[in-house]
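User: I am new to this structure. Please take a close look at one part of it and walk me through what is there.

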Amino acid sequence: MLSKNIETALNNQIRIEAESSQTYLSMASWAETHGLEGISKFMYAQSEEERVHMLKLVKYVNERGGHAKVSELKAPKISYGTFKEMFEELYQHEIFVSDSINQLVHITFDEKDYATHNFLQWYVAEQIEEEAQAKLILDKINLIGDDKGGLYLFDRDIQQIAVASAAAAK
């Protein structure tokens with residue numbers, strides 16, 4: 001059985017994962033309307049991945065005797081000045097999600113809920129990967145600068161990350 005405190009914290013994380021999915025969906029739509037096909041495919045895949053993260057939490061809460069709640073979500077930003085600005089926001093968002101997961105892990109330690117602590121280790125590892133990937137993408141964007149040819153190649157290359165990520169998830 002989950003304590004009420006842990007159930008509440010997990011439900012908060014469910015909302016964060018759902019908002020992450022919506023944020024990345026909004027980014028995908030923005031990129032698609034700006035002719036950035038590769039970036040949009042990458043962001044659509046990221047959105048779906050966040051939805052899967054949310055669903056894992058929902059199932060866990062319900063299986064442990066809690067009640068996973070579907071809550072109202074904050075509307076995401078719908079427009080970005082540049083694709084670089086969008087990826088900077090993605091990176092900052094992943095840092096925010098990592099901090100939230102870490103706080104959740106801390107609560108499980110305080111309450112000696114080792115089953116939930118163990119369950120959350122997958123999220124800890126996943127966030128390390130998510131942050132590293134976002135940082136790598138930002139580094140590549142900074143290398144490109146204002147080079148339009150570089151943007152074209154980046155857009156094509158990031159599509160491969162989306163394809164590889166989708167294949168690894170299966």
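Analyst: A salt bridge here is a side-chain nitrogen of Lys or Arg within 4 Å of a carboxyl oxygen of Asp or Glu. The model is a predicted one. Across the whole structure, the search gives nine salt bridges.

Two packed helices are described by the angle between their axes and the distance between the axes. H3 covers residues 83-110 and H4 covers residues 114-144. Their axes come within 9 Å and cross at roughly 160°. An angle over 145 degrees counts as roughly antiparallel, so H3 is roughly antiparallel to H4. The crossing of the two is left-handed. The residues of this contact comprise 18 nonpolar, seven polar and six charged.

Next comes the second largest pocket. Its space is about 270 Å³. Lining this pocket are 15 residues, and those closest to its centre are Thr82, Phe83, Gly145, Asp146 and Leu151. H3, H4 and helix H5 (148-169) each supply at least two residues of the lining. H4 gives the most, with three residues. By class, the lining holds six nonpolar, five polar and four charged residues.

Technical notes: Residues are numbered from 1 along each chain as its sequence is written. This is a predicted model: local features need pLDDT of at least 70, side-chain atom pairs count only at pLDDT 80 or more; totals for chains, interfaces and linings use all residues. Side-chain values use heavy atoms; hydrogens and water are left out. Axes are lines fitted to C-alpha atoms, for helices over the stretch in contact, and angles run from 0 to 180 degrees between N-to-C directions. Helices (H or I, at least four residues) and strands (E, at least two) are DSSP runs, numbered from the N terminus. Angles under 35 degrees count as roughly parallel, over 145 as roughly antiparallel, 65 to 115 as roughly perpendicular and the rest as oblique. A crossing is left-handed if the near helix is turned anticlockwise from the far one by less than a right angle, and right-handed if clockwise. Ala, Val, Leu, Ile, Met, Phe, Trp, Tyr, Cys and Pro count as nonpolar, Asp, Glu, Lys and Arg as charged, and the others, Gly among them, as polar. On a 1 Å grid over the protein atoms alone, a cavity is a set of points where a 1.4 Å probe fits but cannot get out, and a pocket is an open set with protein on both sides within 12 Å along at least five of seven lines; lining residues have an atom within 4 Å of a point. Grid points are joined across faces, edges and corners, and a volume is the space filled by probe spheres set on the points.
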